Amino acid sequence: SYACPTCGERFKKWSVCKAHLELMRHTGKQHECRVDKQSGQLKKHADLPDSAALSDGAAFWVQLLQQEMAAQEEQVQHRLETWSNEALCQEGLRLHGLEARLHMHDGTLTLRSAAGTRLAYNVFALGDVGIVSHESTSVLALGCVTSVSGSMLQLTLKRGTAIDSALLSPRGGTFRIDKGFQQTPFDRMHSAIQRCDQRSAQKE
């Protein structure tokens, strides 16, 4: 069966699901993680990327890809809700005591140790989703790790991210970052599906 990623309604046939997507305009960007700032939890927004422009076969694979991304998000949320702070830090999945510098011109966020030292042990890698929070409050921003070294992490913020005032203030306090899932493989797979679909359409 097929499910609308926006409203969750299910259909036995793709043709009916596709008609629903077109009629209700339940289509949009590929995938964006957003945040409920009151609860601090990740909210899944796995809209099909303009599925009306894809063939039935390509749209099917995109939907499977989105379902896997949603499953990865759920694993991350479960870890954040059930692991202790000590366990997250020990495994290198969380860093504390960071200062943040927002670069508005390119939508990037640089995180360094507020103490001016090297970052503690961590397992952050290029392409990881980074979840930035105040030390004592809810999630402030989500981004993809684009640079990592012994002294700093740099994230490219998700498009459409609302910039929290704490990130704009030079005295916004210290922050922490949690490791999310690996975004890069999903982006590459989606691009590959689109290219294959376009080539098939040209041959026809």
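Here is a short tour of the salt bridges.

First, some ground rules. What you see is a predicted model, where local features need pLDDT of at least 70, side-chain atom pairs count only at pLDDT 80 or more, and totals for chains, interfaces and linings use all residues. Residues are numbered from 1 along each chain as its sequence is written, and side-chain values use heavy atoms, with hydrogens and water left out.

Searching the whole structure turns up 3 of them.

**Stop one: select D178 and R94.** Their side chains form a salt bridge, at 2.6 Å from N to O. D178 sits in strand β10 (residues 175–182) and R94 in strand β5 (residues 94–103), so you're looking at a link between parts of the chain 84 residues apart. Strands here are DSSP runs of E, at least two residues long, numbered from the N terminus. D178 is buried, with a relative accessible area of 2%, and R94 is buried too, at 9%. Buried means under 20% relative accessible area, using a 1.4 Å probe and protein chains only.

Shared partners join R94, R176 and D178 into one network.

**Stop three: select D128 and K179.** Their salt bridge has its closest N and O atoms 3.6 Å apart. D128 is in strand β7 (residues 128–134) and K179 in strand β10, so the pair ties together parts 51 residues apart in sequence. Both are buried.

Note on methods. A salt bridge is a side-chain nitrogen of Lys or Arg within 4 Å of a carboxyl oxygen of Asp or Glu. Helices (H or I, at least four residues) and strands (E, at least two) are DSSP runs, numbered from the N terminus. Buried means under 20% relative accessible area, exposed over 50%, partly exposed in between (1.4 Å probe, protein chains only).
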